[in-house]
Amino acid sequence: MILRPIEVHDAEALRELASDPEVFASTQNRPADTLEEWRALLAAVVDRQWVFTAEVDGEIAGSFSMIRMDGQYAHRAEIGGWLGRKFWGNGLATEAFCTLIAFGAAQGLERIEARGAEDNEAVCRAGERSGMRLESVAMRGIVRGSRTIDELLYVWIKGVDRCPG
């Protein structure tokens with residue numbers, strides 16, 4: 001798998017992957033619905049240096065990002081992402097997290113976070129397998145429909161946790 005800077009022309013493939021209701025069943029929400037909304041979203045983020053398209057053997061598989069904080073929090077960032085269902089179960093989310101953590105460490109970040117709902121097993125596995133550790137649980141931190149569920153916070157700390165790669 002490779003992570004490359006996201007481009008507006010990725011919109012159609014990402015929209016197709018995201019049209020599967022299972023892809024966003026355990027996340028906050030789908031980023032966009034229509035192709036026009038996807039193009040507008042990608043146009044808005046294309047110049048951000050840390051928003052990536054995931055590709056497997058030349059095929060778009062999903063998207064990942066690293067959002068660096070500002071001001072007194074500029075030493076840290078949050079990572080996240082998603083994959084189309086046909087790419088699940090192959091360790092690709094873990095590989096993406098490892099790549100983003102190594103990239104963030106090379107950029108001088110000291111703390112990298114990943115958040116996920118308690119029922120989002122992929123985020124939990126990717127966090128643990130990429131060298132992150134569970135730091136906290138925000139009990140009833142996420143409202144999804146009529147349910148309130150816990151939010152898990154995984155972290156990688158420079159000098160404390162192993163850096164992949």
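The structure contains 13 salt bridges, a salt bridge being a side-chain nitrogen of Lys or Arg within 4 Å of a carboxyl oxygen of Asp or Glu. Please keep in mind that this is a predicted model, where local features need pLDDT of at least 70 and side-chain atom pairs count only at pLDDT 80 or more, while totals for chains, interfaces and linings use all residues. Residues are numbered from 1 along each chain as its sequence is written, and side-chain values use heavy atoms, leaving out hydrogens and water.

**Charged pairs**

- Arginine 111 has a salt bridge to glutamate 113, with 2.7 Å between the closest N and O atoms.
- Arginine 111 is buried at a relative accessible area of 14%, and glutamate 113 is buried at 1%; here buried means under 20% relative accessible area, exposed over 50%, and partly exposed in between, using a 1.4 Å probe and protein chains only.
- Arginine 111 also meets glutamate 135 in a salt bridge, at 2.5 Å from N to O.
- This second pair ties together parts that are 24 residues apart in sequence, because arginine 111 lies in strand β5 and glutamate 135 in strand β6.
- Glutamate 135 is partly exposed, with 38% relative accessibility.
- Glutamate 113 forms a salt bridge with arginine 115 as well, at 3.2 Å from N to O, and arginine 115 is partly exposed at 34%.
- Through shared partners, salt bridges join Arg76, Glu78, Arg111, Glu113, Arg115 and Glu135 into one network.

**The sheet and its helices**

- Seven strands make up an open sheet of mixed pairing, in the order β1-β2-β3-β4-β5-β7-β6; two strands pair if DSSP finds at least two bridges between them.
- Helices (H or I, at least four residues) and strands (E, at least two) are DSSP runs, numbered from the N terminus.
- At the edges of the sheet sit β1 (2-5) and β6, each pairing on one side only.
- On average, neighbouring strands of the sheet are turned by 30° against each other, direction ignored; axes are lines fitted to C-alpha atoms, for helices over the stretch in contact, and angles run from 0 to 180 degrees between N-to-C directions.
- Strands β3 (residues 59-68) and β4 (residues 76-83) are an antiparallel pair with seven bridges, and serine 63 stands opposite tryptophan 82 in β4.
- Helix α3 (residues 92-106) packs on the sheet and touches β1, β2, β3, β4, β5 and β7, its direction making about 35° with that of β3; contact means heavy atoms within 4.5 Å.
- Helix α4 (residues 121-129) lies across β5 and β7 and runs at about 15° to β7.

**The nonpolar core**

- In soluble globular proteins, nonpolar side chains tend to be buried together.
- A nonpolar core is a set of buried Ala, Val, Leu, Ile, Met, Phe, Trp, Tyr and Cys residues joined through side-chain atoms within 4.5 Å.
- The largest core has 41 residues, of which Phe64, Met66, Ile79, Trp82, Leu83, Ile112 and Met132 touch the most other members.
- Helix α3 gives the largest share of this core, six residues.
- Not counting residues up to four places away in sequence, the contacts of isoleucine 112 include Met66, Ile79, Leu100, Met132 and Trp156.

**A glycine in strand β6**

- Glycine 141 belongs to strand β6 (residues 133-144) and is partly exposed at 43% relative accessibility.
- Beyond residues up to four places away in sequence, glycine 141 touches Ile149, Asp150 and Glu151.
- The C-alpha atoms of glycine 141 and glutamate 151 are 5.2 Å apart, with the two residues ten places apart along the chain.
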